[in-house]
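Here are my notes on the model, as numbered points. Have the viewer open while you read.

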Amino acid sequence: MLITKKTKLAEVIHQNYHLIPIITRFGINFGFGDKNVEQICEKYDIRQDFFLEIINAFNDEDYSPINKLQNLPLEITVSYLLKSHQYFNKVKLPHIENLISKLEWTSAENKKNKSILNKFFIQYRKEVTEHTLHEENEVYPFIIEIEKNYNLSQNNIDFYRLLEKKSVIKYAETHDELNTSLLDLKNIIIKYLPPSDNIDITEQILNEIFDLEKDMKDHTDIENSVVIPVAIKMENKLRKRFNLK
Ligand SMILES: [Fe+2]
Ligand SMILES: [Fe+2]
């Protein structure tokens, strides 16, 4: 189903509950009655075209938001990516950690199994924190500056100095996936650890990890296919404008 501005938001959730975190990420609260996308976006001051691209991309794997997002201001996409970071770090990962702490094995191996799982989880969480913090502190603010200066008619000397030191091209070369160690975490549970006593918690953990994986993959796709190429195009034009290599 293609979600349009006339689609009721309640219908969207009934049809695909996986979209709930995306909707809350935009700051939309429940209790929206029969309001459609257009009315909700107006109420929360959300750019409707951006919302529709994101929600459709999450709803349908074959829907590609790339072309349309490339034509929207980077500032909007970056602010959404920031909210996704918060969701990964402050909601999803603490939740998975809490579930892991509830796992129990009756055997004497309880302690050993828990510590194996914890070790992998802590390592994974550390990687995600480092990755997201670097983007939040270094990359995203630089990209916002690029867009701001790209839209200015006058050259800004402070930005010229910044451009001498930094480049989105360099970030693009080293930008990696957030998901590599999630595969290890999944495999430990699926393949290697003996079954826990509380199988319902194991099931929940796996569901959470698969959900997070999809969310992070879409996140990285937006970075790699929208934010980075558009910022690089702007950066190259600015370098020409400044006569910088
Ligand atoms: Fe990111
Ligand atoms: Fe990233």
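**Notes on H11 and its surroundings**

1. Let's begin with a crossing: H7 passes H11 in a left-handed fashion (left-handed if the near helix is turned anticlockwise from the far one by less than a right angle, right-handed if clockwise). Helices here are DSSP runs of H or I with at least four residues, strands are runs of E with at least two, and both are numbered from the N terminus. Keep in mind that this is a predicted model, where local features need pLDDT of at least 70, side-chain atom pairs count only at pLDDT 80 or more, and totals for chains, interfaces and linings use all residues. Residues are numbered from 1 along each chain as its sequence is written, while chains are lettered from A and ligands numbered from 1 in the order in which they are written.

2. How do H7 and H11 sit relative to each other? Their axes come within 9 Å and cross at roughly 50°. That makes H7 oblique to H11 (under 35 degrees counts as roughly parallel, over 145 as roughly antiparallel, 65 to 115 as roughly perpendicular, and the rest as oblique). Axes are lines fitted to C-alpha atoms, for helices over the stretch in contact, with angles running from 0 to 180 degrees between N-to-C directions. On the H7 side the meeting residues are Ile 143, Ile 146, Glu 147, Asn 149 and Tyr 150, and H11 brings Val 227, Ala 231, Met 234, Glu 235, Lys 237 and Leu 238. Contact means C-beta atoms, placed from the backbone, that lie within 7 Å.

3. H10 is the other partner I looked at. H10 and H11 pack at an angle of about 160°, their axes 11 Å apart, and that makes H10 roughly antiparallel to H11. Leu 182, Leu 185, Lys 186 and Ile 189 of H10 make the contact with Thr 202, Ile 205, Leu 206, Ile 209 and Glu 213 of H11. Here too the crossing is left-handed, with H10 passing H11.

4. Which residues of H11 are buried? Among them are Ile 205, Ile 209, Leu 212, Asp 215, Ile 222 and Glu 223. Buried means 20 or more other C-beta atoms within 10 Å of a residue's own, exposed means 12 or fewer, and partly exposed is in between, with C-beta atoms placed from the backbone. The buried residues of H11 pack against H5 (66–70), H6 (74–102), H7 (110–150), H8 (157–165), H9 (168–174) and H10 (180–192).

5. Asn 243, in the segment after H11, has phi near 55°, a positive value in a residue other than glycine. Asp 45 also has phi near 55°, and lies in the loop between H3 (37–44) and H4 (48–59). Asp 45 is exposed, with 7 other C-beta atoms within 10 Å; Asn 243 is exposed, again with 7.

6. Finally, the whole chain. There are 11 helices and zero strands, and the C-alpha atoms fill a box of roughly 70 × 45 × 25 Å along the principal axes. Of the 245 residues, 22% count as buried. Among contacts between residues at least 6 apart in sequence, 77% join residues at least 24 apart.

How values were computed:
Contact = placed C-beta atoms within 7 Å.
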